[in-house]
Amino acid sequence: MKLSWRVLLLWTLPALVIGFFFWQGAFATAPTDMSKNTASTRMTYGRFLDYLDSGRVTSVDLYEGGRTAIVEAVDPELDNRIQRLRVDLPYNAPELISKLRGANISFDSHPLRNDGAIWGLLGNLIFPILLIGGLFFLFRRSSNIPGGPGQAMNFGKSRARFQMEAKTGVKFDDVAGIEEAKEELQEVVTFLKQPERFTAVGARIPKGALLVGPPGTGKTLLAKAIAGEAGVPFFSISGSEFVEMFVGVGASRVRDLFKKAKDNAPCLIFIDEIDAVGRQRGAGTGGGNDEREQTLNQLLTEMDGFEGNTGIIIIAATNRPDVLDSALLRPGRFDRQVIVDAPDVKGRQEILQVHARNKKLDPRVSLDAVARRTPGFTGADLANLLNEAAILTARRRKEAITLLEIDDAIDRVVAGMEGTPLVDSKSKRLIAYHEIGHALIGTVLKDHDPVQKVTLIPRGQAQGLTWFTPSEDQGLISRAQLLARITGALGGRAAEDIIFGAAEITTGAGGDLQQISAMARQMVTRFGMSDLGPLSLESQSGEVFLGRDWMSRSEYSEAIASRIDAQVRAIVEECYKNAKNIMRENRVVIDRLVDLLIEKETIDGEEFRQIVAEYTDVPEKQSVTAM
Ligand code: ADP
Ligand code: MG
Ligand code: ZN
C-alpha cells in the first residue's frame, strides 16, 4: 500500500501535538525530581539560617539556579539522624554562598536541564506546520467540490446542473389567470399520459412548446403543473447554466440532460431562459460565441435525435422570443408558442384566490377590489403581495388579514419600504406643494386617472407620493390620456416653479421628467401622435447587446431626427405651460390642500376631490388640448 505523505502527516501531527503537551507537563514538574529522593519536608529560610548558625547543616544542594535548596541537617534530638529538608531561597541571597563557605559546608549547584531547548523549538514550529497542513487539506478538499476553485481543472467532465423532481406536486388548479395558455397545454398532458391516442391515428406528437411572457407570470409554474398533472418527472435547467467558460461544457451538459431524460421517459424537460443559449447564431456583440453556438447545435441535434413518441416533451421559457434562433422555432422543435401574459383583472382575482387558499383572510376583504387596485401585477407580484400582507398582519398581531394590511402591502410592493415622515420644514412644504401639484392636475383634467391618495410619508426613494387609481385595465390609451398624464407628471415641477420661483426648483422632479420624456418620445416615434404623421420611427428594442443586431439601424434621416426632437420638445413645453396655468388658477385651493396635507400627512382621493370641488367653479373638467 502506498502511503502518501499526507496520510503520514495526518497521523503524525496529532501525535506530535499530544506528545508536546505531555512533555510540557513533564517539564513543568521537572525540578521536583530532586525531591523524589527526599523527604520533601519544607523548612523556612529563617529556620535554615538558624540551623546553619547552630552548625547542624552538613550539605546543601542548590537547584533552579539557586532558588531552592535541599539541605541535609542532623537532628541532635533524634540521635543525629540526617534530615533532608527543602528550602525556598530568597531571590537575592549572595551572602549565603560565602556563609556556606565560611562554615565549611559542602554545597553543590545543579544546573537547569537544558535539553528542553530542542523541544521548545519544535513546539514553536508545530503550529505553523499544523496551519500549513490544514490549509493544504482544505485546498485539496475544496477542489473536489463542484464549483470550487479546483473546478477549472476538471472541466472535461461536465457535472450535471439540472434538477430533477420526481413529483412536482403542482396541479393546473394552482395556476390561475392564464386560461388560454392552460388550455393549450392541457393537450401536452394528454401527450404524456396517453401517447397511444395520438400515435394510433398516425399523429406525430410535438416535441416542444415555447412559453413566452414576462418574468413572474407563471411560466415555470405552468411547466411544473404539466408534469404534475401527467405524473411524470420534471427535469429543469436554466439556459444560463449551459453557457460556460469552456467550449464544449454546455454541449456536454445538454447531452447529459437528454440522456438522463431518456432513461426516465416519459418525462418533461423544462429549459428556463432559453434565450441565453438559443439566441440567433452569429449575432450579438463581442466574440466568444463558439461555446454558445456549440451548445445550441447540440440542443438542436438532441431534439432531432429522439422520436416524438419516446414520451419526452420539452418546454422552454423566454421573455425574448424575438432574439431566438429561427432553427429553434421551426416545426419539429419548439413549434408551439404559448403566450403567458400578465393577467387582467379577472385573472388577477383568480390568482389572488389561489394564493389566499392557505391564508386567513378577513371575510370583508374583497379580492375583486384588490385585483382592481393592482393593474400590471404579475402572478408572482400578487403572491408576494399576499405574503407581505400576511407578514404585516402577524406583526400587528391580528387574527386575519384585513384590507388595511393588503393596502399597505400594495404600497410597499409598488413603492418600497415606508420611511419616517419629515418634520415640518421648508423642504416638507416644498414636497407637499409638489405632490399637491400632481394630484390637482390629476383631478381637474378629465382624461387623467383619478387620485387615490396623496401622502407625505416617504416610501423607497420618494419623499412624497401621489397615487392614482387606473380606471380600467390599460389596454388602449388615447392621445388625450397620454397628454393628461404628461401634464400631470409635470404638475410637481410646475407647482415648485409657480410657488417658490424658478430659482428654487428642486431635483425632486427628476423621476417625473424621465417618464415625461419617454412618453412624449413614444408619442412621436411609435404611436404617430404628432405632426410627423402616422409613422413608426423606432424599432421597439433598443438594447443592442440583447437583440439580433450589432448596429441599431436608424430608420430615418438626420433631418427627421431633428424634427422628432422638435416635436417631443413641443409636446412637453405645451403641457408644461398648461400645468403652470392650472397652478396659477388654483392657487387658493392649493394652499389649503398643502396645509391640510402637512397636518394630516395623507389625504385620500374622495376628500381631495371634495375640497377641490368647493373651489373650482367650472363643473365639467378640463380637457388638454396640447398640440
Ligand atoms: P416565471 O417562470 O414566469 O418567471 P414563476 O412560474 O416562477 O414565473 O412564478 C413565480 C411564482 O409566482 C409562482 O411560484 C407562483 O407562486 C406565483 N405565480 C405566478 N403566476 C401565477 C399564476 N398564473 N397563478 C398562480 N400563481 C402564480
Ligand atoms: Mg421562471
Ligand atoms: Zn413628482
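Between which domains does ligand 1 lie, and why?

Tutor: In this predicted model, the shell around ligand 1 draws residues from both domain 2 (161–339) and domain 3 (345–415), so the ligand lies between the two. The shell holds 15 residues, of which Ala 176, Gly 216, Lys 219, Thr 220 and His 355 come nearest to ligand 1. By class, the shell residues divide into seven nonpolar, six polar and two charged.

Polar contacts can be given atom by atom. A polar side-chain atom of Thr 220 is placed 2.5 Å from an oxygen atom of ligand 1. The backbone contributes as well: Leu 221 has a backbone N or O atom 2.9 Å from an oxygen atom of the ligand, while for Thr 217 a backbone N or O atom lies 3.3 Å from a nitrogen atom of ligand 1. As for surface area, ligand 1 taken alone exposes 550 Å², and the protein buries 78% of that.

In terms of secondary structure, the elements that give two or more residues to this shell are α8 (219–230), α13 (345–356) and α15 (379–395). Among these, α8 gives the most, with three residues. To return to the question of placement, ligand 1 lies between domain 2 and domain 3 because both give residues to the shell around it.

How values were computed:
Residues are numbered from 1 along each chain as its sequence is written. Chains are lettered from A and ligands numbered from 1 in the order in which they are written. This is a predicted model: local features need pLDDT of at least 70, side-chain atom pairs count only at pLDDT 80 or more; totals for chains, interfaces and linings use all residues. Side-chain values use heavy atoms; hydrogens and water are left out. A residue is near a molecule or strand if one of its heavy atoms lies within 4 Å of it. A polar contact is a pair of N or O atoms within 3.5 Å; within protein, one must be able to donate a hydrogen and the other to accept it, and residues adjacent in sequence count only if both atoms are side-chain atoms. Accessible areas come from the Shrake-Rupley method with a 1.4 Å probe; for residues, only the protein chains shown count as cover. Helices (H or I, at least four residues) and strands (E, at least two) are DSSP runs, numbered from the N terminus. Ala, Val, Leu, Ile, Met, Phe, Trp, Tyr, Cys and Pro count as nonpolar, Asp, Glu, Lys and Arg as charged, and the others, Gly among them, as polar. Domain bounds come from an automatic or database domain assignment.
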